[in-house]
Amino acid sequence: MMTELEKYYNKFNEEKRLTSRHGQVEFITSMKYIHKYLPVDKSAKILDVGAGTGRYSVQLAEEGYDVTAVELVKYNLGILKKKNSAVKAYQGNAMKLSRFQDKEFDLILIFGPMYHLYSKEDKVKALTEAKRVLKDEGVILVAYCMNEYSVLTYGFKQNHILECMENGKIDEKFRVQPEEADLYDYVRLEDIDSYNDAAGMERIQIISADGPSDYMRPVLNAMDEKTFQTFIEYHLSTCERLELVGAGSHTVDIIRKKDNKKHE
């Protein structure tokens, strides 16, 4: 029997999302920071947990890296496999990476699972499993959906705020309180800090993957190509600014095992 998440992704066009203009901002930014932490000599082994349809996996495999992908949703996995890339793709769950050995990978991407795991316990379990299969000098990039984006867009922009506060979907501190049927979980920076602490991980840096782009979809879509490229330059120059990190729709936390100082 299909889960609600599988039903959702059977209808949701994940391929199209990252090729839209706001999706391109997220993809270009994430790839910049993936490359920042990958060795230039292509020797790294990469694990993409929650790989979707393989937008990142396939690109990195085409660049010559050894890429393994894990995806929960069969429909997405099928699209990934049809691309006939060098990616080794498996169905699997972020909280159970038992097919992989300890300390097997140099770099791990967790770009989807945290959106759909609801409890702190489950998120920490996903981080702990990734930590187990990460080499001691390795790096993990973890994407999260941010609380304020949800409140501002679904709550205020789409005019659901009063109904959400009445039915408890948003609490008195304006924190989103999702249930599993809602499919997405939303966090604040202090939540991400608490997951890292619990999993024995420490931050190298944290960035806004998309900045204001998700709020500006019609504006981005109306831009001529030169203006859009200038927007990307602006975003890449500001995406590490702490005052902006929690305000976008997606945040990427770049972490390593505690007490590993190699990348400093």
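Predicted model: local features only at pLDDT ≥ 70, side-chain atom pairs only at ≥ 80, totals over all residues.
A pocket here is an open set of points on a 1 Å grid over the protein atoms alone, where a 1.4 Å probe fits, with protein on both sides within 12 Å along at least five of seven lines; lining residues have an atom within 4 Å of a point.

I found 14 lining residues, with Y118, R175, V176, D185 and Y186 nearest the centre. Helices α7 (120–133) and α10 (189–199) each give two or more residues to this lining.

**Ground rules.** I number residues from 1 along each chain, and local features need pLDDT of at least 70, side-chain atom pairs 80 or more, while totals for chains, interfaces and linings use all residues. Side-chain values use heavy atoms, without hydrogens and water.

**Sheet.** I traced seven strands in an open, mixed sheet, ordered β3-β2-β1-β4-β5-β7-β6. Strands are DSSP runs of E, at least two residues; helices are H or I, at least four. Strands pair if DSSP finds at least two bridges between them. β3 (88–91) and β6 (201–208) are the edges; each has a single partner strand, so one side of each lacks a neighbour in the sheet.

I then checked β4 (residues 105–110) and β5 (residues 134–145): they run parallel, joined by five bridges. F105 has L134 of β5 as its bridge partner.
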